[in-house]
Amino acid sequence: MTTEQKTNLIRVIVSIALVAAIWLSPAEGWLGGALYLLPYLLVGYDVLWEAVEGVFHGEVFDENFLMAVATVGAIALGDWREGCAVMAFYQVGELFQSCAVDKSRRSISDLMDIRPDHANIEKDGALAQVDPGDVEIGTIIVVQPGERIPIDGVVTEGESAVNTGALTGESLPRQVRSGDEVLSGCVNESGLLHIRTTKKFGDSTVARILDLVENSGKKKSEAENFITRFARVYTPAVCCCALALALLPPLFMWDASVIGEWITRALTFLVISCPCALVISIPLSFFGGIGGASAKGILVKGGNYLEALARMDCVVFDKTGTLTKGVFQVIRTQPEGMDEQTLLSWAARAECYSGHPISQSLKAAWGGEVQNGQVTDVEELGGYGLTARVDGHAVAVGNKRLMEKLGLNPAEPQQAGTVVFVAVDGVYAGWILLGDVVKDRAREAIRGLKAEGISKTVMLTGDTDAAARQVASQLGVDEVHSQLLPADKVQWMERLLSERKDGKLLAFVGDGINDAPVLARADIGIAMGALGSDAAIEAADVVLMDDDPAKIALAMRISRRTLRIVRENIVFALAVKAACLVLGAVGVANMWLAISADVGVMVLAVLNAARALRAGKE
């Protein structure tokens with residue numbers, strides 16, 4: 001418990017004890033009433049003050065106003081003990097609610113407790129601790145065993161096991177050594193690591209994750225927006241009904257002696273009508289669902305996106321880096337007028353500045369080193385490839401479209417795979433065939449989506465038709481469209497969006513910078529977070545931190561479980577409220593029963609909402 005919660009608990013206990021003491025004392029009449037004011041003000045002064053502030057700020061109809069009117073009215077009618085008890089029980093419910101919310105926040109904070117306190121930099125032969133935000137790109141930082149990596153970078157020295165559980169939800173450590181990329185937020189478990197930073201702290205993985213989680217609550221779901229709109233109409237309506245209940249029956253009955261009875265019923269009606277169970281439990285359910293997903297390495301940027309996951313009907317995938325590992329290997333080469341090593345040399349040196357998986361594979365197959373000044377005038381051509389000057393020669397490396405753009409018409413290999421064509425000084429030099437590796441859990445991802453009711457899976461890729469269809473047949477993807485430029489992907493996305501069923505949504509899953517426009521256009525954009533580009537992660541609504549496409553089905557299950565909890569709370573709270581309101585209006589339910597019902601509904605709704613936190617653990 002926080003200090004404030006402990007203080008409130010003491011207030012409640014002391015006020016209840018005072019009420020009991022006054023009840024048992026011989027004090028009666030106005031003396032007893034005056035004594036009851038002490039516990040009433042002790043336990044309810046903050047509610048009364050907030051009700052008064054709400055009136056002056058134009059926010060009249062909230063739970064504080066309802067409780068203030070109900071309890072002050074009870075006291076004015078001489079029901080001193082009831083007024084005190086109602087306020088005390090209301091504070092018990094508020095205290096329980098506060099503890100439940102704090103527990104949920106702590107659970108999520110524990111899951112996402114990845115913010116580094118410092119970074120170690122060597123100065124004069126000793127380690128100095130500095131603020132991660134002050135570390136520049138390219139700085140060598142030292143991460144000792146047991147410490148959390150503060151900034152994204154590349155290992156320059158050392159070897160260790162790195163625990164990525166805080167980012168991906170996976171407990172199995174990953175072995176890293178010199179040359180390997182490491183992400184901030186991971187824990188160095190064994191050896192000493194020297195890391196050259198590749199990003200500033202504000203742009204690193206840990207900072208992006210914290211920003212996503214902290215801001216996820218700002219994007220409300222349809223259910224949350226419904227409750228907000230509902231409360232704005234509901235509260236004034238019940239206040240008008242309570243006023244009518246207090247005035248109209250005595251007026252029609254022409255009996256002044258029953259005015260007190262009907263005012264008591266109206267006050268009971270107000271206590272019962274308090275909508276706090278709905279107002280707190282619905283946001284808490286979505287907050288819990290987002291936290292449960294985060295524990296599994298699924299970052300959802302808001303309650304609206306968590307809700308949308310349950311309505312997916314079609315999932316569209318990019319291929320490379322999404323369904324496949326993006327780890328290409330040179331399978332075969334077909335040089336023209338030169339030997340195989342020379343062809344690889346031209347292609348690898350032209351691609352030396354690119355971080356694309358194909359480029360990395362070409363450089364690995366060649367095995368040589370690029371000298372300073374060898375490669376100049378590099379130009380990336382989206383959807384085609386690139387051109388560069390290598391040792392003064394114009395080299396073009398890319399797909400068949402690039403060759404056709406240069407006026408060349410090479411023959412393609414019959415074997416399935418990704419084909420890279422090479423031209424030197426405008427003359428066709430040959431092709432290099434690369435094969436991609438399907439991700440271990442890609443088949444499980446497609447099966448899982450179909451089990452969750454997804455009616456159609458589609459692959460959009462810039463790769464060759466043969467390579468795309470080979471992967472699609474391996475995984476069971478329903479529809480394939482290949483050899484697409486980024487603009488072609490957007491066009492296909494528009495077509496697929498126009499074909500979707502009413503009320504159903506379409507998701508796109510991608511990882512590359514050229515996927516950002518499609519991710520933004522889809523109903524739900526899902527990005528690969530571990531190896532995906534910053535642009536893709538920024539454009540996406542959901543981020544998979546370990547690049548595991550099988551977790552899309554898990555995200556759907558978490559979404560549906562959260563929505564089921566939300567619906568349970570809405571139906572339960574409204575049903576109990578409606579029944580108690582009727583009983584209160586006809587005089588069956590007194591104020592004691594009213595507050596018991598109100599607090600009971602709130603407690604049960606909050607407990608049910610807290611189940612959403614475990615959605616990712618089941």
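Helices (H or I, at least four residues) and strands (E, at least two) are DSSP runs, numbered from the N terminus. The model is predicted: local features need pLDDT of at least 70, side-chain atom pairs count only at pLDDT 80 or more, and totals for chains, interfaces and linings use all residues. Residues are numbered from 1 along each chain as its sequence is written, and side-chain values use heavy atoms, with hydrogens and water left out.

F89 lies in helix α4 (residues 80–111). Its relative accessibility is 37%, so F89 counts as partly exposed (buried is under 20% relative accessible area, exposed over 50%, partly exposed in between; 1.4 Å probe, protein chains only). F89 and G600 are separated by 511 residues in sequence, yet their C-alpha atoms are 9.9 Å apart.

An open sheet contains 6 strands in the order β12-β17-β16-β15-β14-β13, with antiparallel pairing (two strands pair if DSSP finds at least two bridges between them). Its edge strands, β12 (329–335) and β13 (375–381), each pair on one side only. Neighbouring strands are turned by 20° against each other on average, direction ignored. Axes here are lines fitted to C-alpha atoms, for helices over the stretch in contact; angles run from 0 to 180 degrees between N-to-C directions. Antiparallel strands β13 and β14 (residues 385–390) are joined by 5 bridges. L381 has G385 in β14 as its bridge partner. Helix α12 (residues 357–366) lies across β12, β16 (418–424) and β17 (427–435), at about 100° to β17.

The largest nonpolar core has 44 residues, and M312 and I524 touch the most other members. Such a core is a set of buried Ala, Val, Leu, Ile, Met, Phe, Trp, Tyr and Cys residues joined through side-chain atoms within 4.5 Å. Helix α19 (residues 551–585) gives the most to this core, 9 residues. A second, separate core of 23 residues includes F328, L343, V395 and V424.

The whole structure holds 1 aromatic pair. The ring centres of F421 and Y428 are 6.5 Å apart and the planes stand at 45°, so the pair is tilted. Rings of Phe, Tyr and Trp (its six-membered ring) pair if their centres lie within 6.5 Å; planes under 30 degrees apart count as stacked, over 60 as edge-to-face and the rest as tilted. Both F421 and Y428 are buried.

The charged end of R265 sits over the ring of W262, 4.2 Å from its centre. The criterion is NZ of Lys or CZ of Arg within 6 Å of the ring centre and within 35 degrees of the ring normal.

Terms used:
Contact means heavy atoms within 4.5 Å.
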